[in-house]
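Hi,

Here is the model I promised to send over. Have a look at it first, and my notes follow below.

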There are 2 protein chains.
Amino acid sequence: MGVTESLDSTRAAAWRAYIEASQRLFTQLEDDLRADSDLTFADYHVLVLLSEAPGQRLRMGELAGRLVFSPSRLTYQISSMQRRGLVSKEACPDDRRGSEAVLTAAGLLTLSEAAPHHLASVRTHLMDDLDDAEVACLTRVFDRLGRRLRAAGTTSSNTHATR
Amino acid sequence: MGVTESLDSTRAAAWRAYIEASQRLFTQLEDDLRADSDLTFADYHVLVLLSEAPGQRLRMGELAGRLVFSPSRLTYQISSMQRRGLVSKEACPDDRRGSEAVLTAAGLLTLSEAAPHHLASVRTHLMDDLDDAEVACLTRVFDRLGRRLRAAGTTSSNTHATR
DNA sequence: CGAGCTTTGTTCAAAGCTGTACGAAGCACA
DNA sequence: TGTGCTTCGTACAGCTTTGAACAAAGCTCG
C-alpha cells in the first residue's frame, strides 16, 4: 500500500514505466554492443564525441560534462581506452593544467565498425516502434529536461523543494 | 560528418536528448536521495517493491527481474541492506533452493521517511514540467517498450536485425 | 526409482565507479 | 611580484558490479 501517494497515479505510472523500460533498454544496448564489438556503452560514447569534435580531441572536463561522468570516472575511462589504443592523451597547449583526449586511427576504425550494429540496435529496440509524434514528444520533453538539469548543475545548490 | 547517419536526424536528436537527460536525471535523483536519507536509488527501489508485495517479501529472482538486476548484483545488494537492518532473508518454504527478502520494520520506517523527499525530487526535477499529454505519451511509449524488452529477454536470442 | 537437464541463488576474482584528498596551474588584485 | 582563491585533472582506498563457475534443489521421463 502506497508510499506512492503524492505523485498522482497517472504520473506514478509514467514514472515507473520510464524507469523500468530505460533500465532494460540500456542493459540491452550494452549487451548488443558488447556482443559485436568489445566496446562498452561508455567507450562508444567517448568515441562518438571525439569523432565529432574539431581535431577529434576534447578537454577532459568538456568530455566529462557531456558524458555526465565524474572527473575520476573519466580519468579511469580514458586510461582504459588508452591502454586499448582507442585514444591517446596529450597535454593541452594553452592551459598547462589540462589535458585532452585524442581519437586515434584505431579508435576511429573501431567506431566505424561498431556504429552500424549499434545504430541498428537502437532502431530495432526503440526507434522503429515510435511514430513521428512520439519522437517529437520525446525530443521536446528530454531536451527541456536536459537543459534544466544542465542549468541546475551549474548553479550549485540543492533546489528540490523539500521544506 | 557523422557516424550517426542511419538514424534519421530527428530520431538521432531524440535519442541523444533522451540519453543525456536520463543520465542527468538519474544522477540528480541519486544525489538528492543520498542527501536526505542514506539510501541509494537501488536501496529505495528494493524497499518500495518489498513494501508493496504481499507479506512484504519477495523471492530473490522475482526481485532481480523487477529491478533489472543481475542475480549476483541482487545478492550483493540484499546482503548490504541486511547488514544495515533494512531487510532480512528467509529460506523459501516451498522451494528449498530459494530464499526471499523480507522487509523489516526498520526498513519500512526508513522508506516512509525517505519517500516524501524522493517523490518531491521526482516532481520538481521531472513531473512538474510535464503537461498531461506529455505524461500520456511517456506512459504509452515506455509501457510498450518495457513490454517488448521484457518479452525479448524471456525468449532468449539476440534479435536486433544486424544482418 | 534415478540419470540427466534446468532453475535458483551464491561465491570469487577482476573490472568499474565514487568521493576525498591533492599537486599543479591559472587568476585576481593589492 | 606575491598571496590567496579557484579550477583542472589525477591518485588512491573502498565499495559496487560483472561474468563465470558452482552447489543444491527441482523436474522429466524412461
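**What I found, starting at the DNA**

The largest share of the surface near DNA strand D comes from α4(B), with five residues. "Near" here means that a residue's C-beta atom, placed from the backbone, lies within 6 Å of the strand, and helices (H or I, at least four residues) and strands (E, at least two) are DSSP runs numbered from the N terminus. Before going on, a word on provenance: this is a predicted model, where local features need pLDDT of at least 70 and side-chain atom pairs count only at pLDDT 80 or more, while totals for chains, interfaces and linings use all residues. Residues are numbered from 1 along each chain as its sequence is written, and chains are lettered from A and ligands numbered from 1 in the order in which they are written.

By type, the surface near DNA strand D splits into four nonpolar, nine polar and six charged residues.

Two or more residues each come from α4 (71-83) of chain A and from α3 (60-67) and α4 (71-83) of chain B. Here α4(A) gives the largest share, five residues. The surface near DNA strand C divides into four nonpolar, nine polar and six charged residues.

**The two chains together**

Chain A can be laid on chain B by a turn of 180 degrees and a shift of 0.0 Å along the axis, with an RMSD of 0.0 Å; the superposition is by least squares on the C-alpha atoms of residues with pLDDT of at least 70 in both copies. The two copies are therefore related as by a two-fold rotation axis. The same surface serves both: 98% of the contact residues of chain A recur in chain B. Contact means C-beta atoms, placed from the backbone, within 7 Å of each other.

How many residues of chain A are in contact with chain B? The count is 58 residues of chain A against 59 residues of chain B. On the chain A side, α1, α2 (41-52), α5 (105-125) and α6 give two or more residues each, and α1(A) gives the most, with 17 residues. That side of chain A divides into 29 nonpolar, 17 polar and 12 charged residues.

The largest nonpolar core has 32 residues, and A:Tyr18 and B:Tyr18 have the most contacts inside it. Such a core is a set of buried Ala, Val, Leu, Ile, Met, Phe, Trp, Tyr and Cys residues joined through C-beta atoms within 7 Å. Buried means 20 or more other C-beta atoms within 10 Å of a residue's own, exposed means 12 or fewer, and partly exposed is in between, with C-beta atoms placed from the backbone. The elements giving two or more residues to this core are α1 (9-35) and α6 (132-154) of both chain A and chain B. Leaving aside neighbours within four places in sequence, A:Tyr18 is in contact with B:Leu138 and B:Phe142.

Chain A has six helices and three strands, in the order α-α-β-α-α-β-β-α-α. Buried residues make up 31% of its 163 residues. Strands β1 (residues 57-59) and β3 (residues 99-103) of chain A run antiparallel, joined by three bridges, and strand β2 (residues 87-91) of chain A pairs with β3(A) in the antiparallel sense over five bridges. Pairing requires that DSSP finds at least two bridges between two strands.

Two loop residues in chain B are worth a look. B:Gln56, in the loop between α2 (41-52) and β1 (57-59), has a positive phi of about 50 degrees although it is not a glycine. B:Val68, in the loop between α3 and α4 of chain B, has phi near 60 degrees. B:Val68 is buried, with 22 other C-beta atoms within 10 Å, whereas B:Gln56 counts as partly exposed because it has 18 C-beta neighbours inside 10 Å.

Cheers

Terms used: Nonpolar A, V, L, I, M, F, W, Y, C, P; charged D, E, K, R; others polar. Contact = placed C-beta atoms within 7 Å.
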